[in-house]
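Work through the exercises below with the model open. Try each task before reading its solution.

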Amino acid sequence: MNRPLVVTDCDEVLLHMIRHFRDWLDKSHDIDFEMEGNPFVQSMRRRGSDEDLAEEDVWALLGGFFDTQMDTQVPIDGAVAAIAELQRDADVVVLTNLRDKHNEARRRQLQALGINASVYTNQGPKGDALSRIVAEHKARRIVFIDDIANHHQSAAETVPDVQRLHFCGEPAIAPHIPCAHQAGHAHARIDNWAEALPWIRHTLHGDTQ
């Protein structure tokens with residue numbers, strides 16, 4: 001029998017990202033970013049301007065961050081130990097919305113921080129990519145973890161049998177993002193690894209241990 005499978009996002013689940021992005025915008029681009037704001041694109045303004053950044057400029061800045069700043073990212077509290085614990089009796093892979101050119105850099109970044117896992121890069125909703133990973137691994141019990149509600153909706157529509165955990169480990173933004181659990185697209189919402197790990201282990205192994 002194939003091992004259970006965990007498919008997890010990276011930014012704000014395994015690693016802090018938005019706080020480092022904010023600091024980089026501040027120091028390198030004279031852009032103020034209100035982390036408490038939502039939606040994301042409307043939270044950034046150049047100093048001295050009352051206008052939001054254009055969406056294409058936001059995506060260009062995000063690309064620049066991942067081109068040059070990935071080494072500034074630090075793990076979410078408890079993430080590294082939790083993944084190591086899960087890997088004792090489950091497979092863990094990372095499904096991250098980055099350009100494919102960043103795949104190897106993300107794998108090396110995680111490895112340097114103590115997380116050894118296969119990395120799948122994706123653009124757009126994650127349902128189709130998750131479906132392909134599920135088919136590849138042929139696991140019977142699967143948990144999908146992500147901080148973005150839209151990805152949970154995509155997963156629910158594409159692979160409804162996968163158990164879905166909405167997790168955002170950045171306290172500054174967690175209260176402000178749409179909740180996939182409240183929307184009915186995730187089975188649970190937990191924002192810290194101390195509570196998430198027992199939920200994941202029970203979901204993967206509950207009546208088999």
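Buried means under 20% relative accessible area, and exposed means over 50%. The model is predicted.

**Exercise 1. Which residues of helix α2 are buried, and what do they pack against?**

Step 1. Find α2 at residues 55-68. Step 2. Apply the cut-off: V58, L61, L62, G63, G64, F65 and F66 are buried. Step 3. Look at their surroundings. These buried residues pack against α1 (18-29), β2 (31-33), β3 (44-46) and α4.

**Exercise 2. Check the span of α2 against its 14 residues.**

**Exercise 3. Are the faces of strand β1 covered or open?**

Step 1. In a regular strand, side chains alternate between the two faces of the sheet. Step 2. In β1, L5 and V7 lie on one side, with V6 and T8 on the other. Step 3. All four are buried, so both faces are covered, by the cut-off of under 20%.

**Exercise 4. Which strands pair with β1, and in what sense?**

Step 1. β1 (residues 5-8) pairs with β4 in the parallel sense over 4 bridges. There, V6 has V92 as its bridge partner, and V7 stands opposite V93. Step 2. β1 also pairs with β6 (residues 142-146), again parallel, over 4 bridges. In β6, the partner of V6 is V143.

**Exercise 5. Follow the chain from β4 to β5.**

Step 1. Start at β4 (residues 91-96), where 5 of 6 residues are buried. Step 2. β4 and β5 (residues 118-121) run parallel, joined by 4 bridges. L95 has Y120 as its partner in β5. Step 3.

Technical notes:
Residues are numbered from 1 along each chain as its sequence is written. This is a predicted model: local features need pLDDT of at least 70, side-chain atom pairs count only at pLDDT 80 or more; totals for chains, interfaces and linings use all residues. Side-chain values use heavy atoms; hydrogens and water are left out. Buried means under 20% relative accessible area, exposed over 50%, partly exposed in between (1.4 Å probe, protein chains only). Helices (H or I, at least four residues) and strands (E, at least two) are DSSP runs, numbered from the N terminus. Two strands pair if DSSP finds at least two bridges between them. The expected span of a helix is 1.5 Å times one less than its number of residues. Contact means heavy atoms within 4.5 Å.
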